[in-house]
Amino acid sequence: MQYKNVAPDYPGFGQSDMSPRGAFEYTFDNIADVVDEFRQAVGIEKFFMYVFDYGAPIGFRLAVKHPDSILGIVSQNGNVYTDGFGAKWAARAEYWEHPTKELREQYKSAFAPETIIGQYTFGTPDGAVSPDGYSLDIFYSRRDGYDEIQSDLIFDYQSNVRLYPTFQAYLREHRPRLLAVWGKNDPSFIPAGAEAFKRDVPDAEIHFVDSGHFALESHAVEIAQLIKKFFND
């Protein structure tokens, strides 16, 4: 089987337009709607879905809405279970319950260059990560308004957690072919988040690689081989 990769940047990310916050409300619901409109505009009816980080709650919104369109799912550190929460999520939950301007400003440290580099390199073998990816991320993070948009999404992440039971119900009902490939050293989404897929999709295949959150940066070839083997067998 041959695959064609379609990977649009989300609004406010990468090379997509970054509308002012007054013109577009940066929530996961709205971003998922934009991606769905894009999918329809380019004529994608059925597809395999590769989800990672923010892409998981966005992708699973599409799967819930269009279950017959999903041919299979690859989740690479794409969490939809509270089992997968690392230590930082307790503080995030407290912030969602008791938001303050001070905490919102504090969380902007996530967009500092040293934090971005750490997200890419933590838990990866020495020398395994090219600076290209995190350097481009740092460049995009310096655009006017980026920090406020990302802060909106940090606060709205709670909407994803509320939808976890809906995503899990989709998995139980539709049992899509599912491959979870996880950077086992990810401090944000820990390995238990990958293993939890087995509860709802018993035939899911789970693999761990010696990497962190951005596992593709160090293990792209290995992950590609796992995808080809899983879906071609």
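1. Helix α10 buries His 219, Ile 223, Leu 226, Ile 227, Phe 230 and Phe 231. Buried means under 20% relative accessible area, exposed over 50%, partly exposed in between (1.4 Å probe, protein chains only). These buried residues pack against β1, β2, β3 and β4 (205-209). Helices (H or I, at least four residues) and strands (E, at least two) are DSSP runs, numbered from the N terminus.

2. This is a predicted model: local features need pLDDT of at least 70, side-chain atom pairs count only at pLDDT 80 or more, and totals for chains, interfaces and linings use all residues. Residues are numbered from 1 along each chain as its sequence is written, and side-chain values use heavy atoms, leaving out hydrogens and water.

3. Helix α10 (residues 216-232) is not straight. It kinks by about 40°, centred on Glu 222; the bend at a residue is the angle between axes fitted to the seven residues ending there and the seven starting there.

4. The largest nonpolar core has 46 residues, and Phe 60, Ile 73, Leu 171 and Phe 197 touch the most other members. Such a core is a set of buried Ala, Val, Leu, Ile, Met, Phe, Trp, Tyr and Cys residues joined through side-chain atoms within 4.5 Å. Helix α7 (146-174) is among the elements giving two or more residues. The largest share, 9 residues, comes from α7. A second, separate core of 10 residues includes Val 181, Val 209, Ala 215 and Phe 230.

5. Salt bridges number 11, each a side-chain nitrogen of Lys or Arg within 4 Å of a carboxyl oxygen of Asp or Glu. Arg 21 pairs with Asp 152, closest N and O atoms 2.7 Å apart. Arg 21 lies in the segment before α1 and Asp 152 in α7, so the pair ties together parts 131 residues apart in sequence. Arg 21 is partly exposed at 41%; Asp 152 is buried at 17%.

6. Glu 148 and Arg 104 also form a salt bridge (2.8 Å, N to O). A network of salt bridges links Arg 21, Arg 104, Glu 105, Lys 108, Asp 147, Glu 148 and Asp 152.

7. Ile 116 sits in helix α5 (residues 113-121) and is buried at 6% relative accessibility. Its C-alpha atom is separated by 6.4 Å from that of Tyr 134, 18 residues apart along the chain.

Conventions
Contact = heavy atoms within 4.5 Å.
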